[in-house]
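Please go through this structure with the text below at hand.

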Amino acid sequence: MDHMLATVIRILTEKAGLPPGPVTPTATLTQAGVDSMAIAVLSMVIEDEYGLVITETDLSANSTVTELAAFIEQHRTAKT
């Protein structure tokens, strides 16, 4: 899970262009500055890197960065 959390933070800051300061594990997606564009980028990268198709609605339904990472990890584990 720690790996996925680091991956989500990396994607949000490096690929979606969010400033790293507010993107913390306990931040809500709103506090972290995650908007629909960041969710779209995250969804595309997760599909490219892990072969997971997770909808933007699924991703935006999780309230914190940690919950978002756990959701992705859960789906990644279920796929393998």
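The model is a predicted one.

Start with helix α3, residues 36–50, and helix α5, residues 65–79. The crossing in which α3 passes α5 is right-handed. On the α3 side the contact is made by L42, I46 and Y50, and on the α5 side by L68, I72, R76 and K79. By class, five residues of this contact are nonpolar and two are charged, with no polar ones.

Helix α3 also packs against α1, with the axes 10 Å apart and an angle of about 125 degrees. From α1, the residues H3, M4, T7, V8, R10, I11, L12 and K15 take part. They meet A38, V41, L42, V45, I46, E49 and Y50 in α3. The residues of the contact of α1 with α3 divide into ten nonpolar, two polar and three charged.

Next comes the interior. In soluble globular proteins, nonpolar side chains tend to be buried together. Here the largest nonpolar core has 25 residues. V8, L12, V34, L42, L59 and I72 are the members with the most contacts inside this core. Two or more residues each come from α1, α2 (29–32), α3 and α5. Of these elements α3 gives the most, with six residues.

Which residues does V8 touch, leaving aside its neighbours within four places in sequence? V8 is in contact with L42, V65, L68, A69 and I72. L42 belongs to α3, and L68 and I72 to α5, and both L42 and I72 are listed with V8 among the core residues with the most contacts.

The other residue is T7, which is found in helix α1, residues 2–15. Is T7 buried or exposed? Its relative accessible area is 5%, and buried means under 20%, so T7 is buried. Apart from its neighbours within four places in sequence, T7 is in contact with E49 and Y50. Both partners are among the α3 residues that meet α1, and Y50 also takes part in the contact of α3 with α5.

Note on methods: Residues are numbered from 1 along each chain as its sequence is written. This is a predicted model: local features need pLDDT of at least 70, side-chain atom pairs count only at pLDDT 80 or more; totals for chains, interfaces and linings use all residues. Side-chain values use heavy atoms; hydrogens and water are left out. Helices (H or I, at least four residues) and strands (E, at least two) are DSSP runs, numbered from the N terminus. Buried means under 20% relative accessible area, exposed over 50%, partly exposed in between (1.4 Å probe, protein chains only). Contact means heavy atoms within 4.5 Å. Axes are lines fitted to C-alpha atoms, for helices over the stretch in contact, and angles run from 0 to 180 degrees between N-to-C directions. A crossing is left-handed if the near helix is turned anticlockwise from the far one by less than a right angle, and right-handed if clockwise. Ala, Val, Leu, Ile, Met, Phe, Trp, Tyr, Cys and Pro count as nonpolar, Asp, Glu, Lys and Arg as charged, and the others, Gly among them, as polar. A nonpolar core is a set of buried Ala, Val, Leu, Ile, Met, Phe, Trp, Tyr and Cys residues joined through side-chain atoms within 4.5 Å.
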